[in-house]
Amino acid sequence: MTAEILARIQFAFTVSIHYLYPPLSIGLGLVLVMMEGLWLKTGNPLYHNMARFWTRVFALTFAIGVATGIVMEFEFGTNWSTYSRFVGDIFGSALAAEGIFAFFLESGFLALLLFGWNKVGPKMHFFATCMVAFGAHFSAVWIVVANSWMQTPAGFHLETVVDGKTVVLPPGHIVTQADLTSARAVVDDFWAMVFNPSSIDRLTHVVLGAWMAGAFLVVSISAFYLLRKRHLEFAKASMKVGLAFATVATLLQMVSADITAKGVVKNQPIKLAAMEGVFETVPSTPMTLFGYVDTANETVIGPKIPGLLSFLALNSFTRPVPGLRQLPTDQFLQARHPQIPPQEFPQLRKSYWPNVAAVFQFYHIMIIVGVAMLVLVLISCFFWWRGWLFDLDCPLTRWLLLALVLSVLGPQIANQAGWFTAEMGRQPWIVYDLLRTSEGVSKVVSANQIVASLALFGIVYALLFVMFIFLLTRKIQHGPDDEEESEEMPDSWKALIRTTPRA
Amino acid sequence: MNFLDLNIIWYILVGVLFTGYAMLDGFDLGVGALHLFVKKDEHRRLFLNSIGPVWDGNEVWLVTGGGALFAAFPEAYATVFSGFYLAFMLLLCSLIFRAVAIEFRSKEEWGWWRQFWDVAFSAGSFVSALLIGVAMGNIVRGIPLDADHEFAGTFLGLLNPYALLMGVTTVLLFAMHGAIYLSMKTDGEVHQIVASWVPRLIGFFLASYFLFNLYTLIEVPWVLETVRARPYVFLVVAINVLIVLNIPREISKGRDFNAFLSSCTSMALMMATFGSRIFRTWCSRPPFRKTASTSGMPPRRKKHSASCSSSPSSASPSSSPTPPAFTGSSAARPLLPSTATDSFRARSLRMCSENHRLSR
């Protein structure tokens, strides 16, 4: 394998493990705000107990998120040094903003959130919780902005140096091998860079995915306690908060998914064609529900619904969705390969396609899991509405609760599959239409070095993951401290507990 | 000279972030390095508990520092991080490994389990501190680059005696810092033990620090030139020694927090010295310019830096002199420039003599 492929595998491996945790921090952060808010509002000690238990789970995900996040921060430089030089002014700025604005907010108030229960008043503590949740969301903003810029670059110009002078390259300049050591992307409109064509769509999609991850973790652990008939009061209250949040997040995610896909059609038609497995441009483009890509014959085998893709992507049942055989366009290829005759374009075109079979599958996994989550929350809400959800002896309810215990995996699978779709769909580019992944790789790092470090990370991350599962299981087994709830609450807070119901 | 130059502001910001990291993660790495020197289980648990709530917050400074370096000086970030590939991967794994150890150790009572995680925690902390020092040592010493500013050395080349001495100095510094932190955070028996270590650790550290400074004068010749031109830089070393010697005084009077502050100040001073040393090589080098025939790259320049573009630089390096900038008082022309395939060190020497000539 080449160093490029290995560098991609290593990055994908480390970022996939990392991405198990930040979505949980983001989603749980918001859950903590809700629970503590409910406690302040109602004065019910149950909510205080819940906030404390979920804070312990939050602390665990945050610590592992930081430990694995350091790796990501270093890896741009170690694996992708040419890329880092090229985009330092832009990608680096967003990353620095993430650190300075988001991480300091998050980690500064985290100490207060974790250890401040007995040291500050409830309002101050609630404020700290809000700041931690806000910081977690803020970090998502900057990293998704940076990544979206790689998908749809905007608000920059290219510069190079000729004979000691900085020369601004014209818009649409095609970066050549000779440019690579000196060409740089430089921000000229910061807000256009931040609000590049895909960043709002993708940010919404990512944050909602994170909310789902957090919400379903709460739902899953609550369902586990209900099935075991342990901590019943706690589990019921947690389940209500978690399920309500999960329902809202899942419904919103469906809308966001639609908007995001429409954006991809407009901004990255090749990626969408690969996601849906569209090779031929035909009117009333059908949508394949599931199936597999026959790469040799360039067709997709599986059940299709005629016209659905045209409708979802272009709001019309008849307009054709552009297919891979016409993408990228002849003009695009002409501009980049003036020496190649147009007869050879069909063959050349394929070098600008991502791995269609893989992108198709990852995308469909995301969609199928997403729809399954939607069905699950709708059924659960129906049970809740009919008052069956907490009827713990009904076999139907027990089956549903079992499904809810497993539901924690759903958002994680969908989040991972979604990122694989987005990033593999971006290939062969590292910065879309500007810099190829093969050009961005570190030239001095050999394949052997990457294999060695990959093995090292394999071991350490396996340990880390085992540790996470082990500690999480411990925390779940230990459960909330319902017996000692009043002991644990600081004296100054007890005055706030309402003994009589609100009038 | 323009102090409002954005490059200088960024340089200081990155410096502040890494100094913050050294002060904060420094003590928890130091606690780790000292961990195996206490034998009793409850003492070791106290060691871990003292840093348990803060270590992940401390490491956020490293994440942020890395991001700021990426944004402000992508050339340095890309060259150093890809050049020190294996060293950094080892550093990252050590950092994670010790994080795992911190969380895992207390979960089971079995002797072998605790022993294993104790060793993992201590080794992870030791290797992290050592590698941070080795990286810094190599940056001061100069790293070999090729015409495209890519690293042209080897992993074993990074483990040269000079850099290793810097690594050992860093470990001792962090251990001293960690011991002071521990004496601030503990009471009773553990406090007695730890406080008794502090003077010894200070002795070890100061010895290593002197040795390192002497070695620097031999190994990095332009530093010698600077010292000759401006002998008062010895004052910085003297002040630092005084600050470090203040630590046992504060400890003996029971003012542990003041001792900790002294230790932090000394670290900040050392980071500032380090910063001004590399400022000389990284930031204020006369820019080599690309000629039509070579593929050499000019120094990376932030687009905001008006002072850079107005500086009288042309194709010849000698026409844009930079004063020996030990104090950091020079216009910043960032980073890692080179046309030749020779090492940083050789070029530093050559340009230093040029500067020297010009400054006379």
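Strands β1(A) and β3(A) pair in the antiparallel sense over four bridges. Pairing here requires at least two DSSP bridges between two strands. Helices (H or I, at least four residues) and strands (E, at least two) are DSSP runs, numbered from the N terminus. The model is predicted: local features need pLDDT of at least 70, side-chain atom pairs count only at pLDDT 80 or more, and totals for chains, interfaces and linings use all residues. Residues are numbered from 1 along each chain as its sequence is written, while chains are lettered from A and ligands numbered from 1 in the order in which they are written.

The hairpin of β1(A) and β2(A) has two residues between its strands. One residue of this hairpin, Asp163(A), takes a positive phi near 50°. Together the strands form an open sheet of three in the order β2-β1-β3 (chain A), with antiparallel pairing. Strands β2 and β3 (184-187) of chain A each have a single partner and stand at the edges, so one side of each is left without a neighbour in the sheet. From one strand to the next the twist averages 40°. Helix α4 (residues 81-115) of chain A packs on this sheet and touches β1 and β3 of chain A. Contact means that the C-beta atoms of two residues, placed from the backbone, lie within 7 Å. The direction of α4(A) makes about 40° with that of β3(A). Axes are lines fitted to C-alpha atoms, for helices over the stretch in contact, and angles run from 0 to 180 degrees between N-to-C directions.

Chain A as a whole contains 19 helices and nine strands. Its radius of gyration is 25 Å, close to the 23 Å that the globule rule gives for 503 residues, so chain A is as compact as a globular protein of that length. The radius is taken over C-alpha atoms, and the rule is 2.2 Å times the number of residues to the power 0.38. Along the principal axes, the C-alpha atoms of chain A fill a box of roughly 85 × 55 × 45 Å. Of the 503 residues, 47% count as buried. A residue is buried if 20 or more other C-beta atoms, placed from the backbone, lie within 10 Å of its own, exposed if 12 or fewer, and partly exposed in between. Among contacts in chain A between residues at least 6 apart in sequence, 77% join residues at least 24 apart.

The peptide bond from Leu327(A) to Pro328(A) is cis, with omega near -10°. Pro328(A) lies in the loop between α10 (308-314) and α11 (330-336) of chain A. That loop also holds Asn315(A). Asn315(A) has a positive phi of about 60° although it is not a glycine, and with 9 C-beta neighbours inside 10 Å it counts as exposed. Lys229(A), likewise not a glycine, has a positive phi of about 55°. Lys229(A) sits in the loop between α7 (199-228) and α8 (232-267) of chain A and is exposed, with 10 C-beta neighbours inside 10 Å.

A cis peptide bond also joins Gln427(A) and Pro428(A), with omega about 5°. Pro428(A) is placed in the loop between α15 (409-426) and β8 of chain A. Trp429(A) belongs to strand β8 (residues 429-431) of chain A. Trp429(A) is buried, with 22 other C-beta atoms within 10 Å. Trp429(A) and Met150(A) are 279 residues apart in sequence, yet 8.6 Å apart in space, C-alpha to C-alpha.

Chain B has 14 helices and zero strands. Of its 360 residues, 56% count as buried. In the interface, 47 residues of chain B are in contact with 50 residues of chain A. Helices α3 (55-72), α4 (74-83) and α5 (85-104) of chain B each supply at least two residues of the side that touches chain A. The largest share, 13 residues, comes from α5(B). Ile96(B) is in contact with Ala67(A), Val460(A) and Leu464(A), leaving aside its neighbours within four places in sequence.
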